[in-house]
Amino acid sequence: MAEGENKGLVLLDFWVSPFGQRCRIALAEKGVEYEYREENLRDKSPLLLKSNPVHKKIPVLIHDGKPVCESLIIVQYIDEAWPDRAPLLPADSYARAQARFWADLVDKKMYESGTKLWKLKGEAQEEAKKEFIEILKLLEGELGDKKYFGGDTFGLVDIALVPFTAWFYSYEACANLSAEKEAPKLVPWVKRCRERESVSKSLPDPLKVYEFVCFLKKVYGIE
Amino acid sequence: MAVEVKVFRSWGNPFSYRVELALRLKGVAYEHIEEDLSNKSTLLLDYNPVHKKVPVLLHHGKPIAESLLILEYIEETWQENPILPKDPRERAVARFWCRFLDDKCLVALWMSCWTEGETQQNFMEQAKECLHLLEEELKGKKFFGGDSIGMVDIAASSIAHWLGVLEEVAGISLLDEEKYPNLCKWTEEFLKSDAVMECLPKRANLLALFQTRKQAISSVK
């Protein structure tokens, strides 16, 4: 093995993955250089399979040859490995617990619920819409009038949630659900986040996401 | 100065147990509040309006929900007997296995015991795969946390105690000593700890609880 080959940061990722985007945003916030490697999820690289043998999923952050898996764990790792700048979690233990709670909620609910919006039709889709609106309203309530979920500082919960905003266009097109109408208080928060370079550079064009969703629907034989 | 720590829990619930164990390992005095999960108190619903579940930790009147998150809070608040390593990478590994337990392993183990037929077979296959991964992770270590009980060990406590009871009730065998010698040795070491034993629900009572539940499910068919 060539000297230095194992050094540095590599992010194994997939362009449209909101989980991968979380890691990209966190790395950008910390101003840390890394190599981005696009994975073909239908033909996973030996490196990915070796680095995440348990789940075989992206994202994986490989730091000096050692892998870290699971997006929220990666984000916390990034925060702890570069503690001298741009803290992603608050200093106070109780506030940290709250941040982890809401990030965990986004993890548990957003992806599954959002996926149902474009995968299902008819009554099942209507149920999924109700569920999704509930989650949006919960998050809207938690944000309140704050600048970011953690207060004045952009942090873990914002990072956990903002990638899903690139899917709002797709949810509207597929399920006639406007996240902006259902949770209007989130709109200024989305705008504020997108003004951050870390976010604007990491999130895909919503139209491209929609193209991808249409492709997946064809693959799954949906409508 | 009185430290005000309360735990909303349900007797026999392994997630509540995690919180009590962590507090005891750190020598933190607390009061437990028993919840009847079929008739949840207004207090619990106020403190955990999103999930409406136990456990909830109340510290100086402020609530924290979700057992793994509570463990992180306990670790940050009381520094004695650390349950997480200091190194960021090792912490990431510990968090990974905690999530693995919650998202995959314990679900498979639990469902293996409450389902039947082909569904059960599928869950049992998943469960065995999960146990194998944990077996490998334990290689050469006394505990998942190394020389002392750590967060992953605490998260895995249902394997050390609840699993045996569930296997008996369901009439199946998952934690085979021949296949998983490391895990079985780990169980022995884990159950030697005073803190572990102090608040562990009695096996006979857990057995009665699960047998009643099994009968209730069977009688519905």
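## Close-ups of a predicted two-chain model

**View 1. Helix α3 (residues 71-81) of chain A runs by helix α4 (residues 88-114) of chain B, their axes coming within 9 Å and crossing at roughly 160°.** Axes here are lines fitted to C-alpha atoms, for helices over the stretch in contact, with angles from 0 to 180 degrees between N-to-C directions. Helices (H or I, at least four residues) and strands (E, at least two) are DSSP runs, numbered from the N terminus. This is a predicted model, so local features need pLDDT of at least 70 and side-chain atom pairs count only at pLDDT 80 or more, while totals for chains, interfaces and linings use all residues. Residues are numbered from 1 along each chain as its sequence is written, chains are lettered from A and ligands numbered from 1 in the order in which they are written, and side-chain values use heavy atoms, leaving out hydrogens and water.

The angle makes α3(A) and α4(B) roughly antiparallel (angles under 35 degrees count as roughly parallel, over 145 as roughly antiparallel, 65 to 115 as roughly perpendicular and the rest as oblique). On the α3(A) side, look for Ile73(A), Gln76(A), Tyr77(A), Glu80(A) and Ala81(A); they meet Pro88(B), Arg89(B), Arg91(B), Ala92(B), Arg95(B), Phe96(B) and Arg99(B) of α4(B). Contact means heavy atoms within 4.5 Å. Sorted by class, this contact has six nonpolar, one polar and five charged residues (Ala, Val, Leu, Ile, Met, Phe, Trp, Tyr, Cys and Pro count as nonpolar, Asp, Glu, Lys and Arg as charged, and the others, Gly among them, as polar).

**View 2. α4(B) also crosses helix α11 (residues 203-220) of chain B, at roughly 60° and with the axes within 11 Å.** That makes this pair oblique. Trp110(B), Cys113(B) and Trp114(B) come from α4(B), and Phe210(B), Arg213(B), Lys214(B) and Ile217(B) from α11(B). The tally for this contact is five nonpolar, no polar and two charged.

**View 3. Four strands of chain B make an open, mixed sheet in the order β2-β1-β3-β4.** Two strands pair if DSSP finds at least two bridges between them. β2 (31-34) and β4 of chain B each have a single partner strand, so one side of each has no neighbour in the sheet. Direction ignored, neighbouring strands are turned by 25° against each other on average. α1(B) packs on this sheet and touches β1 (5-9), β2 and β3 of chain B, with its direction at about 155° to that of β1(B).

**View 4. β3 (residues 56-59) and β4 (residues 62-65) of chain B pair in the antiparallel sense over four bridges.** One of the pairs to find is His59(B) with Lys62(B). Two residues lie between the strands of this hairpin, and His60(B) in the turn has a positive phi of about 50°.

**View 5. Ser16(B) sits in helix α1 (residues 14-25) of chain B.** Ser16(B) is buried, with a relative accessible area of 0% (buried means under 20%, exposed over 50%, partly exposed in between; 1.4 Å probe, protein chains only). Leaving aside neighbours within four places in sequence, Ser16(B) contacts Arg9(B), Ser10(B), Val54(B) and Pro55(B).
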